[in-house]
Amino acid sequence: MAQSQHSSRSILMITIVIAVILIVVIWPLSMIGKGGTKTAGNDDAEARIQPVAKVELAKAAAVKSDGKPRDGATVYNAVCMACHASGAAGAPKAGDKAAWAPRIATGSAALIKSAINGKNAMPAKGGNPDLSDAEVKAAVEHLVGLAK
Ligand code: HEC
């Protein structure tokens with residue numbers, strides 16, 4: 001009993017930490033890519049919360065699956081696309097050969113390592129710690145494939 005209470009507390013703590021990371025790290029970072037465009041009033045607030053909403057949606061979609069490993073395209077669409085489709089936060093755009101060529105040149109092992117551990121504005125596992133390393137690797141291969 002004490003054991004299971006302890007582990008559900010840990011899960012709560014992890015959830016809080018992830019929520020804080022999403023709000024404190026990803027939100028300001030995703031604003032960088034917006035080029036500082038400002039509109040007045042409610043539009044501004046909406047524009048500011050949008051990246052968070054997108055990341056949250058992406059997370060929910062990825063978590064929903066049934067425990068089977070997801071393929072690269074599925075993971076990309078659910079998680080990575082939030083930044084890599086638009087180039088948000090300075091992410092290299094999917095399919096942009098010029099942006100990807102120098103990264104691909106570092107070798108797929110280096111890219112997979114960056115995607116799993118994070119790199120600058122790129123969060124570890126795209127901000128989805130529940131992805132397995134294999135799922136992240138498949139998503140990297142999918143992204144690399146799009147840029148070839
Ligand atoms: C919150 C935005 C965001 C999400 C979500 C995201 N990325 Fe990224 N990604 C970035 C940014 C920004 C960079 C550029 C980092 C740099 O080189 O400074 C990047 C870079 C990369 C790179 C190149 C790393 C390197 O070593 O050059 C790979 C590979 C990558 N992302 C894969 C993924 C995969 C796979 C996912 C989904 C599981 C994902 N990204 C989700 C923002 C994101």
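Guide: A residue is near a molecule or strand if one of its heavy atoms lies within 4 Å of it. This is a predicted model, in which local features need pLDDT of at least 70 and side-chain atom pairs count only at pLDDT 80 or more, while totals for chains, interfaces and linings use all residues. Residues are numbered from 1 along each chain as its sequence is written, and side-chain values use heavy atoms, with hydrogens and water left out.

Visitor: Which residues come nearest to the ligand?

Guide: Cys-80, Cys-83, His-84, Ser-114 and Met-122 do, out of 23 residues around the ligand.

Visitor: What classes of residue make up the shell around the ligand?

Guide: Ala, Val, Leu, Ile, Met, Phe, Trp, Tyr, Cys and Pro count as nonpolar, Asp, Glu, Lys and Arg as charged, and the others, Gly among them, as polar. Here the shell has 16 nonpolar, five polar and two charged residues.

Visitor: Where do polar side-chain atoms lie 2.8 Å from an atom of the ligand?

Guide: A polar contact is a pair of N or O atoms within 3.5 Å; within protein, one must be able to donate a hydrogen and the other to accept it, and residues adjacent in sequence count only if both atoms are side-chain atoms. His-84 has a polar side-chain atom 2.8 Å from a ligand nitrogen, and Asn-120 has one 2.8 Å from a ligand oxygen. For Arg-103, the distance to a ligand oxygen is 2.7 Å.

Visitor: How many helices and strands are in the chain?

Guide: Helices (H or I, at least four residues) and strands (E, at least two) are DSSP runs, numbered from the N terminus. The chain has six helices and zero strands. Helix 3 gives the largest share of the ligand shell, four residues.

Visitor: Is Lys-125 buried or exposed?

Guide: Buried means under 20% relative accessible area, exposed over 50%, and partly exposed in between (1.4 Å probe, protein chains only). Lys-125, at 16% relative accessibility, counts as buried, whereas Asn-120 is exposed at 76%.
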